[in-house]
Amino acid sequence: MDHTRGVLAWLVLVALGLLNSKCQAERDCRVSSFKVQPNFDKYQYQGLWYAMAKKDPEGLFLQDNIVAHFFVNEEEKMQARAVGRVRLFGHWDLCADMSGSFNETEDSAKFKMKYWGVAAYLERGNDDHWIVATDYQTYALHYSCRVLNEDGTCADSYSFVFSRDANGLPPEAQRIVRQKQKELCLERQYRIIVHNGFCDSAIYGT
């Protein structure tokens, strides 16, 4: 009887493993398959957003205490200024600024973002930058793929989870974001962004 139970347990584990493999195989991780926020409204999106989590790309970018201010300029183009901590030479911490200008495409949630650091040591580029999901009042998920693999999946991506509240996201928003992270094939690849006041003077001018 014990032997039979052991065999049955093993068969159940095998079946579950095969089912999981089938689900993974059926998931489409090509960047072209990813869905974005429908009818994105850049005017509703304006204001302060606090980065809660980040999937890092290659290169030197803002590391924590990241706050971004999005606004629409007089030419009706969305722009952003972000402030956060960076660490140089392994020990020197300072607050740094990055700026971005968003060029619109046929899809209102897909931009070409030209970005640059005020200081020369920060990265600069012109990436595809997508607003994957937002409710404008609580949460937002951004995604960018900088380099594609031959099969259409992403070789170098970054992604931000933003909150309007510096204290974090409510449970329902967290559930939505986690599901969207899975759809981007990026689950368990984010790190938490610390907010400890290190850059408050640069953000609020205090």
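Q: What is the torsion about the S-S bond of cysteine 95 and cysteine 199?
A: About -110 degrees, so this disulfide is left-handed. The sulfur atoms are 2.1 Å apart; a disulfide here is a pair of cysteine sulfur atoms within 2.5 Å.

Q: What kind of model is this, and how are residues numbered?
A: It is a predicted model: local features need pLDDT of at least 70, side-chain atom pairs count only at pLDDT 80 or more, and totals for chains, interfaces and linings use all residues. Residues are numbered from 1 along each chain as its sequence is written, and side-chain values use heavy atoms, with hydrogens and water left out.

Q: Where do cysteine 95 and cysteine 199 sit?
A: Cysteine 95 is in strand E4 (residues 92-104), and cysteine 199 is in the loop between E9 and helix H3 (200-204), so the link ties together parts 104 residues apart in sequence. Helices (H or I, at least four residues) and strands (E, at least two) are DSSP runs, numbered from the N terminus.

Q: Cysteine 199, buried or exposed?
A: Buried, at 1% relative accessible area. Cysteine 95 is partly exposed at 28%. Buried means under 20%, exposed over 50%, partly exposed in between (1.4 Å probe, protein chains only).

Q: How many disulfides does the structure hold?
A: It holds 3. They follow the pattern 1-5, 2-6, 3-4, counting bonded cysteines along the chain. Cysteine 29 pairs with cysteine 185, and that link is left-handed at -95 degrees.

Q: New topic. How many aromatic pairs are there?
A: A search of the whole structure finds 12. In phenylalanine 102 and phenylalanine 111, the centres are 5.5 Å apart and the planes at 80 degrees, so the pair is edge-to-face. Rings of Phe, Tyr and Trp (its six-membered ring) pair if their centres lie within 6.5 Å; planes under 30 degrees apart are stacked, over 60 edge-to-face, the rest tilted.

Q: What about tryptophan 130 and tyrosine 143?
A: Tilted: 6.1 Å centre to centre, 50 degrees between planes. Tryptophan 130 is in strand E6 (residues 125-134) and tyrosine 143 in strand E7 (residues 139-148), so the pair ties together parts 13 residues apart in sequence.

Q: What lies over the face of tryptophan 130?
A: Lysine 110, at 4.2 Å from the ring centre. The criterion is NZ of Lys or CZ of Arg within 6 Å of the ring centre and within 35 degrees of the ring normal.

Q: And where is lysine 54?
A: In strand E1 (residues 47-55). Lysine 54 is buried, at 2% relative accessibility.
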